[in-house]
Amino acid sequence: MCSIAGFYDPSANFTARREEFEHILHQMGQVQSHRGPDGSGIRLTAQCGLSHTRLSIIDLKNGSQPMTKSQGDHLYHIVYNGEIYNLKELRRALFERDVIPKTSSDTEVILLSYLTFGPEFVRRLDGIFAFAIYDERHRILTLYRDSFGVKPLFYTIHNGTLVFSSELKGLYCFPGITARLDKNGLNELFGLGPARTPGSGILKDICELKPGTSMTCSSLGFVTHTYYELSSRPHEDSYEDTIEKTRFLITDAIKRQMISDVPICTFLSGGVDSSLVSSVCADELKASGERLTTYSFDFTDNDKYFKANSFQPSMDRPYVNQMAEYLQSDHHNLECDNKVQAEMLYDSVDAHDLPCMADVDSSLLYFCSEVAKNHKVVLTGECADEVFGGYPWFHKDSFLNCGTFPWTPDLSPRSRLLHPDLLEVLDMDQYVQNAYETAISEIPILPKENDIEVNRRRIGYLNIRFFMQTLLNRMDRTSMHSGLEARVPFADRALVDYVFNIPWEMKAKDGVVKNVLRQAARSLLPDEILFRKKSPYPKTYHPYYEQLLSSRLKDVLSQPDCPLLPLIHMPAVTQFLESPKDYGAPWYGQLMAGPQMIAYLLQTEYFLRKYKVSVII
């Protein structure tokens, strides 16, 4: 994994001021060096500049970037962030055309595939990626992003110059680009946040290349092209064949994503998703005489303060211990205390350059920093609930029929804390409703589906396009902030394409949540793990943590120059801070309840202050 950045202007001559623009490229790499601490490089041409920092995973000696290839007298350059899992097949296709890579680097294979098969070669790629290829001959820059947006890629057009970067902070290195928040951005922040509309960078005039798209930049303009999207089609396999094929697709995805020239590890929560990934990895490593390393996460004194609720019915530790023994893994249990969790709320904003999933994010940021001390690559169980229908909103009528994003069915916990004048300007309910209706209009409905099936298909699509993207953002930023590459086998394109169209009577047969996944995992896991009731990522229930957050927010709001003050309704916030918090009534997803609202406000204040954000409405 790495970071990429750069700029492009077909009418410019950047080399006329080489020192200035090379310095900008170095800065763009430096601010993202956490993503690639093993190396860096830049390339400047008349119309295009490219910057790269490298985390060495494949071909440790020969994968330096930017990488350049020539055809005749013409040069082509690439900067690439990601991992390609079908590298052998791609190399074979090149050999068949008498194109012989000189290294084992996936970067070289990508660039040679572009030169051999043309811009549509991206459809051949199986992996997670964001990359830019510059064609010097035709003065064309093309940006690409993977099918589900596992890897980030932001861009903006400033005075005719396209500027792009893996993280927002890279954009701010280019002169004149600043952080501005308009009406749409405020609605994204307070109405949809911590989710955001696909393609939105929240800040004014800043976008993110949508998953499954490329963008061609030339003297004729900037054109985006969708090369991948989810499709609706009838499912024709029998139940037995569906289980068998799902098992193959899952295990195949996990095995392919184990590719690495450095040791791998897994996250292990004791739930079916991470346990299945760990089980397959452990078996593969045992076959070569190696032992899998696993990591689990918890919070100091959680055994004392944990409160079971409908969203989080059980603690992870007993199940983790059982799985670690079952796998015979080299297991490490990591704990985070309340002060670290609170302090790292700000580090999380540094990692995202935006407010994010509060302490759900900050704790994972801490855990990843600990794992990164010993490993560079980790496989996770992320995305299984979105793909296989594990969340409550797939099952309960109140969610299925809510007519909005099911993870935020009620905006009042947010809106009551905002200033009445701001609420009137934002028209937040309508903004969110428009975003919802636009999203569900994107997925075709099959003629034979009844209303319930239509709602479930729509919720499945929303989960993959919105909710899963939020978790993928969290996984990328928290891991890459410490130079750790996190892989997500359940976001495999072939697997998602297939499972998306499995009918609900199979997915939840006999009322078993994620039934297809569980049946596909038989013999790979103990039954106690296989049929454990879903319990999401852990969070702290320690009363000190809530007290600590409340005290900090009060201190922040007492400052007369606090940038949050014009946006909030102070009497309502004061009342909220003094009220008991319902940990089982989340305002986003399953985990973000009262304490996480306090944390989100703290993150928002820090974001506004650190990036000197101008609010323009």
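Trainee: How many salt bridges does a search of the whole structure find?

Mentor: This is a predicted model, in which local features need pLDDT of at least 70 and side-chain atom pairs count only at pLDDT 80 or more, while totals for chains, interfaces and linings use all residues. Residues are numbered from 1 along each chain as its sequence is written, and side-chain values use heavy atoms, with hydrogens and water left out. A salt bridge is taken as a side-chain nitrogen of Lys or Arg within 4 Å of a carboxyl oxygen of Asp or Glu, and on that basis the search of the whole structure finds 34.

Trainee: Which residue's side chain meets that of Glu83 in a salt bridge?

Mentor: The pair has a N to O distance of 3.3 Å and joins Glu83 to Arg487, and because Glu83 lies in strand S5 (residues 74–84) and Arg487 in strand S18, the pair ties together parts that are 404 residues apart in sequence. Strands (E, at least two residues) and helices (H or I, at least four) are DSSP runs, numbered from the N terminus. Buried means under 20% relative accessible area, exposed over 50%, and partly exposed in between, with a 1.4 Å probe and protein chains only.

Trainee: Which side chain of opposite charge is nearest to Lys507?

Mentor: Lys507 lies in helix H19 (residues 504–507), and its side chain reaches the backbone oxygen of Val499 at 3.1 Å. For charge, Lys and Arg count as positive and Asp and Glu as negative, while His and the chain ends are not counted. Lys507 is buried yet has no salt bridge, and at 9.0 Å the nearest side chain of opposite charge is that of Glu449.

Trainee: How many degrees does the twist average from one strand to the next in the six-strand open sheet?

Mentor: Six strands form this open sheet in the order S4-S5-S6-S7-S12-S13, with antiparallel pairing, where two strands pair if DSSP finds at least two bridges between them. Strand S4 (67–71) and strand S13 (221–226) stand at the edges with a single partner strand each, so one side of each is left without a neighbour in the sheet. From one strand to the next, the twist averages 20 degrees.

Trainee: Which residue in S7 stands opposite Ala132?

Mentor: Strand S6 (residues 127–135) and strand S7 (residues 140–145) run antiparallel and are joined by six bridges. Across from Ala132, the residue in S7 is Leu143.

Trainee: What is the relative accessible area of Cys383?

Mentor: Cys383 is found in the loop between strand S17 (377–379) and helix H12 (384–388). Leaving aside its neighbours within four places in sequence, Cys383 is in contact (heavy atoms within 4.5 Å) with Met468, Leu472, Phe490 and Ala491. Cys383 counts as buried because its relative accessible area is 2%.

Methods. A polar contact is a pair of N or O atoms within 3.5 Å; within protein, one must be able to donate a hydrogen and the other to accept it, and residues adjacent in sequence count only if both atoms are side-chain atoms. Axes are lines fitted to C-alpha atoms, for helices over the stretch in contact, and angles run from 0 to 180 degrees between N-to-C directions.
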